[in-house]
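Here's a quick tour of two protein chains and how they meet.

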Amino acid sequence: MQTVKNNKRWSLRDVIFLAIIAIFFGIIYQLWSYAYYALAATPLKPYANDLTLGVWIMAGPLAGVLLRKVGASVVGEMLASAVEMLLFSSWGASTLLSGFIQGIGNELGFACTGYRNWSKTGLTFSAIGATIVTFIWDLFQSGYSQYSLGLLITLFIIRLISIGFFAGVLVYWIQQLTAKTGLIK
Amino acid sequence: MPKKKHLLNTAVMTVIMLGIGLPLSFSLSVKLNLLICLLAIFYLIACRVSFKTAIIVLLVAFPLALGSWWSFLVFGTGDRWHTAWIYGTRVYAYLLLGMTVTMTTSVKELLFSLEEHLHLSATFVYGLLAAFNLLGRIKQEYRQIQYSALIRGQVYHLWQPGLYLRIILTALNWSGDLAEAMTSQGFSEGEPRTQMQHDPLPVWQWGLAVILILSYCWAAFIIRPW
């Protein structure tokens, strides 16, 4: 079986690996968007955004823990958003911008550990980083600054839980499973 | 599939899309949002994109625009109507900006154009191209992963790590095979490549991009129309 070696440079193999995962994520996003749409067509749209956000953010930290490279989270998330925009997005240009912002949030988390911890601690920081950075972005981009403070606090907590589960706990479980196979060293 | 037509160079359109998309996130103007939509629609008509596809894409986004608009009427503070219209129309401004790129060019053309004019590395260009060519097989594989779980009496839900493990294993195997195949066909990472196709880009198009982006920022942050 093939294994992945970790070094700083981006090899052809790394790029194809992340791009294939990004396309799988494109399919998964499409499935999620049905649930999202049911809520998003109502005034509950901000709740829909924050409840499902974790799924949209997963690709970044997953790329990070699999490749363990500086920049892997940003590149992984950017690839997933580029695939999404090219294949089936209803968000148009904002898909790429949000992908970049989300990737930066995760990347900051891993950077906080000096890129040394790619497990529980790194993922915890990455989830917190992504929650804070994307929330600040949405204050402007999605107009959250116009909502009342009470709603903002509720949304922030929902977002933290969603990102914490999908981009934190679930990614950690996936990493543990993958580690058991011994394919990624 | 018929070849998609574009009037401006793909790399320039990408720069315009991101160059206007970023300040758009901070601008608070309904009129400018509508202006962007209008200009993008004119460009799409000029490029003769498929009318039917465009209508479908625009209709699919309607619930999102409605949800944004409505949520500010219910939860907004301050001038609710103005805010509602800003964020409702913004959904379409983003979407139409994106469509000026995605509906007028193919993935292959876009990647080659970004390589030639914005110096995206060949490893990324050809790696992405290789993966995109697998699109049909990846969709098939996703179904197969679900079916093979069903045979064992399991259902993979989107919150179960097992599903993602299968995806990662597939990606590992395929990316290894593809990268080896490409290397054995003469692809060398980081080496200069012979350009077989030339993607023309007259200098005036860069000028147009700069003028469009700067005048948008000027209008959005200095004039600030309603």
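Two packed helices are described by the angle between their axes and the distance between the axes. Keep in mind that this is a predicted model.

**A helix pair across the two chains**

- The crossing of α1(A) past α9(B) is right-handed.
- Who does the touching? On the α1(A) side you'll find A:Leu12, A:Arg13, A:Ile16, A:Phe17, A:Ile20, A:Ile21 and A:Phe24.
- From α9(B), the residues in the contact include B:Ile167, B:Ala171, B:Trp174, B:Gly176 and B:Met182.
- Sorted by class, this α1(A)-α9(B) contact has 14 nonpolar, 2 polar and 1 charged residues.

**The whole meeting place**

- Zooming out, the contact between the chains takes 51 residues from chain A and 61 residues from chain B.
- Several helices of chain B supply at least two residues each to the side touching chain A: α1 (10-24), α4 (62-75), α5 (80-102), α7 (122-133), α8 (135-151) and α9.
- Which helix gives the largest share of that side? It's α9(B), with 14 residues.
- By class, the side of chain B that touches chain A has 43 nonpolar, 16 polar and 2 charged residues.

**Chain B as a whole**

- Chain B has 10 helices and 0 strands, so its elements, read from the N terminus, simply go α-α-α-α-α-α-α-α-α-α.
- Its C-alpha trace spans about 55 × 50 × 30 Å along the principal axes.
- Chain B has a radius of gyration of 22 Å, while a compact globule of 226 residues would have one near 17 Å.

- An unreviewed UniProt entry annotates residues 12-31, 51-67, 121-140 and 152-174 of chain A as "transmembrane region".
- In the model, residues 12-31 of chain A are 100% helix and 0% strand, with end C-alpha atoms 29 Å apart.
- Residues 121-140 of chain A are also 100% helix and 0% strand, and their end C-alpha atoms lie 30 Å apart.

Notes
Residues numbered from 1 in each chain as written. Chains lettered and ligands numbered in written order. Predicted model: local features only at pLDDT ≥ 70, side-chain atom pairs only at ≥ 80, totals over all residues. Left-handed = near helix turned anticlockwise from the far one by under 90°. Helix = DSSP H or I, 4+ residues; strand = E, 2+ residues; numbered from the N terminus. Contact = placed C-beta atoms within 7 Å. Nonpolar A, V, L, I, M, F, W, Y, C, P; charged D, E, K, R; others polar. UniProt positions renumbered as here; feature names shortened; annotations may be inferred. Rg over C-alpha atoms; globule rule 2.2 N^0.38 Å.
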